[in-house]
Amino acid sequence: MTQPLLYARNLVKRYGRVTALDHADFDLYPGEILAVIGDNGAGKSSLIKAISGAVQPDEGEIRLDGQPVSFASPLEARKAGIETVYQTLALSPALSISDNMFMGREIRRGGIMGKWFGMLDKPSMDAFSRQKLSELGLMTIQNINQPVETLSGGQRQGVAVARAAAFGSRVIILDEPTAALGVKESRRVLDLILDVRSRGIPIVLISHNMPHVFEVADRIHIHRLGRRLCVINPKEHTMSDAVAYMTGARVPEGIAA
Amino acid sequence: MSDTPDPVVARNPSEKVASFDHHSRGALDRVQHFLHRYPTMVPVIVLVLSVLAFGLISPNFFSAFNLSLILQQVAVVGTLAAAQSLVILTAGIDLSVGAVMVMVSVIMGKLSVDFGIPVPIAILIGLAVGGATGALNGALVTRLKLPPFITTLGTWNIFLALNYYLSNRETIRSQTLDAEAPLLKFFGERFNLGGAVLTYGVLLMILVFAVLWYALNHTAWGRRVYAVGDDPEAAALAGIQTKRVLMSVYIVSGAICALAAWSSIGRVGSVSPTSFFEANLESITAVVIGGISLFGGRGSILGPLIGALIVGVFNSGLRLAGVDVLWQLFATGWLIIVAVAIDQWIRKISS
């Protein structure tokens, strides 16, 4: 098998007497959708935060493309090409789609106006945003200067995913992308996830929704008691298998109890 | 859908989810959406209507003299409202703007008159002190994480006390300024513009609003100010250093208060430690009537300019109509309540 794009070994994170990550491992291969599932409190979000730079593990190593990395903040992870779509989406509701797409990495105009007066290049930013949304099949959003709060939940998720896809050159992490959505909107977001993968960017999908996980994931990482219990192939296991492993009702074959 | 079917929708029915529904909206809904899009239209309509109404009531109202007088009267509070707007856009509030302004005017006056420092340097020191007061407010809000209301309630008292200490509660008289520091009264000087008599203080106010309008709408800094005011957590997750943005807002706001201080010396004609006692609340009034949301992140910077003008028009119009001064306060009070009620209504659109 090829070398993992994102690789972590023996990650440990303690909060006082609570061990959130207990020598956890993680592998993400190029071009795949890896689902991360686990019971509440299993340490999924600590694992994702360690990878996306939101927390710093006490022990263990993380490699991106074979190179050891340590992210002091989400900003550093972003600079390395790891984009995270948080459950809260991190969009500013009163600002436009275009403003949100470029939040924190705006494009300035060339020449004196850009250099001395910091003038933004709004036409380029609008055109880029429109292009990225169209690429992901969100072209029915007509007005790129429409405030995000006037969009539906699925459209907002679409904007957040489009933003991550536009700038996430290596890895995109999606935290519960369908949790707040209705059936139709979830459908749209799942299609969006498949679209992003087809463009070659691997995705880490954290979700509680087993049907969604089994539908789109190439591999499923099951997290239990602060560590990786196993990685299963959704084609060889059923949803009830996954739930049984996740809750400890059953132990997967080949794993010592 | 009444319009021609979108080919994308036709091919894939799930695309429909991503379309924007333009239909089935009542008239009130449309008004709400319009105001949501252009929040400054409320104060603009109020200003136009009140100018027309007062013009009909008292014929003197429309004279160039009276209209320019209104501009002169709102110049100082208007400039201060610009400073206040920046802080309110970040979902904060600055109760200390008036105290900073008076204290800085005392510092500028004292340094030039009592200490014999060249006036331009005294003015620069005053501007630096203004920025420093903002830095203090900003540090308390970002480092100690104190609520802006409490922070600036505290610093308001502190700056007021320092103001009395530095001034010895003495006024620097107009004649003294004329003799030793005429530059301090620059913004009170008048010039003629097509029959209207304006002061440079009016130009300063307009200039401050123009610069802020540009900075807020056409620079990355401005977009970040809105984002931080709208949802600070989302802004931080999107990679914005929210503390740095807040800090810059308070410093710029403090420096604008110092400009207002210079302008106020020209308006009053002297340096008085007891002047502009209500400037704090008047600046907040102008911002609120101008349609900037107290919850942050919403509203145009030009709104407070119009808000200040509305208050000026009401005061002037009611006075010319021979109405008791107390009804000016009464009217301003209702304006504030109506403005906030409209803001609440507009914000409901997102839910």
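Strands S1 and S2 of chain A form a hairpin with 2 residues between them, and Gly16(A) in the turn has a positive phi of about 60 degrees. Strands (E, at least two residues) and helices (H or I, at least four) are DSSP runs, numbered from the N terminus. The model is predicted: local features need pLDDT of at least 70 and side-chain atom pairs count only at pLDDT 80 or more, while totals for chains, interfaces and linings use all residues. Residues are numbered from 1 along each chain as its sequence is written, and chains are lettered from A and ligands numbered from 1 in the order in which they are written.

Strand S1(A) comprises residues 6–15 and is joined to S2(A) by 8 bridges, with the two strands antiparallel. Within this pairing, Arg14(A) stands opposite Thr19(A) and Ala8(A) stands opposite Phe26(A). S1(A) also runs antiparallel to S4(A), through 5 bridges; here Ala8(A) faces Ile62(A) as its opposite residue. Two strands are taken as paired if DSSP finds at least two bridges between them.

These strands belong to an open antiparallel sheet of 4 strands in chain A, in the order S2-S1-S4-S5. Its edges are S2 (18–28) and S5 (67–69) of chain A, each of which pairs on one side only. Neighbouring strands of the sheet are turned by 30 degrees against each other on average, direction ignored. Helix H1 of chain A (residues 44–52) packs on the sheet and touches S1, S2 and S4 (59–64) of chain A; the helix direction makes about 60 degrees with that of S2(A). Axes are lines fitted to C-alpha atoms, for helices over the stretch in contact, and angles run from 0 to 180 degrees between N-to-C directions.

Chain A as a whole has 9 helices and 10 strands. Its C-alpha atoms fill a box of roughly 65 × 40 × 35 Å along the principal axes. Among contacts in chain A with a separation of 6 or more, 67% link residues 24 or more positions apart (contact: C-beta atoms, placed from the backbone, within 7 Å).

The largest nonpolar core has 166 residues, and Leu205(A), Met101(B) and Cys257(B) have the most contacts inside it. Helix H12 of chain B (residues 242–268) gives the most to this core, with 15 residues. Such a core is a set of buried Ala, Val, Leu, Ile, Met, Phe, Trp, Tyr and Cys residues joined through C-beta atoms within 7 Å. Beyond its neighbours within four places in sequence, Met101(B) contacts residues including Leu80(B), Cys257(B), Ala260(B) and Phe276(B).

The unreviewed UniProt entry annotates transmembrane regions in chain B, among them residues 40–62 and 286–314; such annotations may be inferred rather than shown by experiment. Residues 40–62 of chain B are 74% helix and 0% strand, with end C-alpha atoms 24 Å apart. For residues 286–314 of chain B, the end C-alpha atoms lie 12 Å apart, with 59% helix and 0% strand. Phe62(B) lies in the loop between helices H3 (41–57) and H4 (64–89) of chain B and is partly exposed, with 13 other C-beta atoms within 10 Å.

Technical notes:
Buried ≥ 20, exposed ≤ 12 C-beta atoms within 10 Å, placed from the backbone. Contact = placed C-beta atoms within 7 Å.
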